[in-house]
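Hi,

Here is the structure I promised to pass on.

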Amino acid sequence: MEYVTKTLAIAVAATTLFVSVPAFAESQPAPMGNKPHTSTTKVGTIIDVASSNSSFKTLVTAIKAAGLVETLSGQGPFTVFAPTDAAFAALPKGTLAKLLKPENKGTLVKILTYHVVPGAVYAKDIKPGAVKTVEGQPVNIKAKKGVVSVGNAQVTKADVKASNGVIHVINKVLLPPDVRL
């Protein structure tokens, strides 16, 4: 319960930041500022961070099936809008199993890369509007009354840091406009 409370508090704080920020910084890394280094713990790559979080088991499985582990473990930086296991479970029955089949790898890659934006874009750098994804098509970001949405998904936790970018947790799987399940 404490985890849920903290997550909710972080999401509310982050969404407040989303509303007031002047620029998205489309494909350029976000400035890191001059904050003093206070931790000796090394943060892993996006794949390492996702793999160590029990809410992203399905996402990691999909990334492996799509052959994107090496890419998302690379230098980056990347911003990943990461759907939770619950988001994948909400897909129509049988959809995930179908997408994970080798013959549907192209569609799976298209869907997963639609969740990735070039550059490390933190909450403080986001402005509502259309943002081009690695997949090539834009996704629309909205902020209304403290709620930030990416496509049809809501950001539930922002700014999960990784050594090669940042993860923003979302509650739905995003689909490129030309993908039908």
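Asp-178 has a relative accessible area of 49%, so it counts as partly exposed (buried means under 20% relative accessible area, exposed over 50%, partly exposed in between, with a 1.4 Å probe and protein chains only).

Before going further, a word on what you are looking at. This is a predicted model, in which local features need pLDDT of at least 70, side-chain atom pairs count only at pLDDT 80 or more, and totals for chains, interfaces and linings use all residues. Residues are numbered from 1 along each chain as its sequence is written, and side-chain values use heavy atoms, with hydrogens and water left out.

How confident is the predictor? The mean pLDDT of the protein is 80, with 77% of its residues at 70 or more (pLDDT is the predictor's confidence in each residue, from 0 to 100). Residues 1–39 have a pLDDT below 50, and beyond near neighbours in sequence this stretch has 60 contacts in the model (a contact means heavy atoms within 4.5 Å).

**The overall layout**

The protein has seven helices and seven strands (these are DSSP runs, numbered from the N terminus: helices are H or I with at least four residues, strands are E with at least two). Along the sequence, the pattern reads α-α-α-α-β-α-α-α-β-β-β-β-β-β. Of the 181 residues, 41% are buried. If you take the contacts between residues at least 6 apart in sequence, 71% of them join residues at least 24 apart. The accessible surface comes to about 9900 Å², and carbon and sulfur atoms account for 58% of that (areas are from the Shrake-Rupley method with a 1.4 Å probe; for residues, only the protein chains shown count as cover).

**Salt bridges**

Back to Asp-178. Its side chain meets that of Lys-110 in a salt bridge, at 3.3 Å from N to O (a salt bridge is a side-chain nitrogen of Lys or Arg within 4 Å of a carboxyl oxygen of Asp or Glu). Asp-178 sits in the segment after strand E7 (165–170) and Lys-110 in helix H7, so this pair ties together parts that are 68 residues apart in sequence.

How many salt bridges are there in the whole structure? The search finds three. Another one is between Glu-135 and Lys-110, where the closest N and O atoms are 2.6 Å apart. That pair also links distant parts of the chain, 25 residues apart: Glu-135 is in the loop between strand E3 (129–132) and strand E4 (138–144), and Lys-110 is in helix H7. Glu-135 is buried because its relative accessible area is 16%, while Lys-110 is partly exposed at 25%.

Asp-125 and Lys-124 also form a salt bridge, at 3.5 Å from N to O. Asp-125 is buried, with a relative accessible area of 10%, and Lys-124 is partly exposed at 40%. Shared partners join Lys-110, Glu-135 and Asp-178 into one network.

**Helix H7**

Which residues of H7 are buried? They are Leu-108, Ile-111, Leu-112 and Thr-113. The buried residues of H7 pack against helix H3 (57–66), helix H6 (95–99) and strand E2 (116–118).

Thr-113 is worth a click. It belongs to H7, which covers residues 105–113, and it counts as buried because its relative accessibility is 13%. A polar atom of its side chain lies 2.8 Å from the backbone oxygen of Val-109. Leaving aside residues up to four places away in sequence, Thr-113 touches Leu-68, Thr-133, Val-134 and Glu-135.

**Strand E7**

E7 is mostly covered, with six of its six residues buried. Gly-165, Ile-167 and Val-169 point one way, and Val-166, His-168 and Ile-170 point the other way.

What does E7 pair with? Strand E1 (residues 78–83) runs parallel to E7 over six bridges (two strands pair if DSSP finds at least two bridges between them). Within that pairing, Pro-83 has Ile-170 as its bridge partner. Strand E6 (residues 153–162) is antiparallel to E7 and joined to it by five bridges. Here Lys-161 stands opposite Val-166, and a hairpin of two residues connects E6 to E7.

Cheers

How values were computed
Polar contact = N/O pair within 3.5 Å; in protein donor to acceptor, adjacent residues only side chain to side chain.
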